[in-house]
Amino acid sequence: MPKSPTLSAWTLVSLRPQGQHAAIRIVAKQSNAHFCALSVTKLVAEHNKAALESALSSDIRIISSPSAVSFSQTMADLSGNWLAIGQNTAKKLIKAGASSVQTPEIQTAEGLLALPIMQNIAGANVGLITAPSGRGLLEKTIQDRGAHLNIAHVYHRQKMTLNSRQNSAIDSFSEQTAIFVSSGEAFETLWQQLNSHRQAIIKSSLCVASSARLVEY
């Protein structure tokens, strides 16, 4: 059995919302790396039941994230057929009662939009369950393709201010720091709170982006 990589000199930084760091924390532990959580957002429920019901009654139903599943299942039955961007979302949907979940090979919004079922959707009703600013590319492209979009925001990201401990952690980052970026909004929220010295530290770190779109950003 191959040994897990040793990254003992590295610090792995998660910008995920508060309480959503488990995946990166596990990777850090398995690779003997240091772990640092820099949450600048937290997830807050939005009880838009009418919008959710419209999305659920659509011809094609898309859900954007495991968090969207968690917040939705407290308000509605999630049985039936779905599209999801990632495998983690798909697994959570199946546990919540979905009959089937189709995911793209490339687990990004672009990958989902490339699925055959998403090509000839003019006139179709497409339901998207997500958060504000969560999947803007999906919203725009679905409408550009002539579909009727029924969007349900079941939670939103509330901004948080970095505390003194987190700022001190940034001050201690070395060049062997990897920052995992899955949201341009989260990175922007972090960046706006940093002074020029801390921005320079972030610039000298390795950023690991979850999509080509984020790499460009």
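The model is predicted. Helix α7 spans residues 164–171 and has Q166, N167, A169 and I170 as its buried residues. Elsewhere, ring pairs join F187, W191 and Y217 into a cluster.

**Helix α7**

- The buried residues Q166, N167, A169 and I170 cover an arc of only 155 degrees around the axis, which places them on the same side of α7.
- Exposed residues S164 and R165 are carried by the face of α7 turned away from its buried side.
- The cover over the buried residues of α7 includes β2 (34–37), α8 (184–192) and α9 (196–203).

**Aromatic pairs**

- The count of aromatic pairs comes to three.
- One of them is the stacked pair of F187 and W191, with 6.0 Å centre to centre and 15 degrees between the planes.
- F187 and W191 are four residues apart in helix α8, so about one helical turn separates them.
- The rings of F187 and Y217 form an edge-to-face pair, because their planes stand at 85 degrees, with the centres 6.2 Å apart.
- This pair links distant parts of the chain, since F187 belongs to helix α8 and Y217 to the segment after α10 (212–216), 30 residues apart.
- F187 counts as buried at 15% relative accessibility, whereas Y217, at 49%, counts as partly exposed.

**Charge over a ring**

- R61 lies over the face of W82, at 4.2 Å from the ring centre.

Definitions and conventions
Residues are numbered from 1 along each chain as its sequence is written. This is a predicted model: local features need pLDDT of at least 70, side-chain atom pairs count only at pLDDT 80 or more; totals for chains, interfaces and linings use all residues. Side-chain values use heavy atoms; hydrogens and water are left out. Buried means under 20% relative accessible area, exposed over 50%, partly exposed in between (1.4 Å probe, protein chains only). Helices (H or I, at least four residues) and strands (E, at least two) are DSSP runs, numbered from the N terminus. The arc is that of the directions from the helix axis to the C-beta atoms. Contact means heavy atoms within 4.5 Å. Rings of Phe, Tyr and Trp (its six-membered ring) pair if their centres lie within 6.5 Å; planes under 30 degrees apart count as stacked, over 60 as edge-to-face and the rest as tilted. A charge sits over a ring if NZ of Lys or CZ of Arg is within 6 Å of the ring centre and within 35 degrees of the ring normal.
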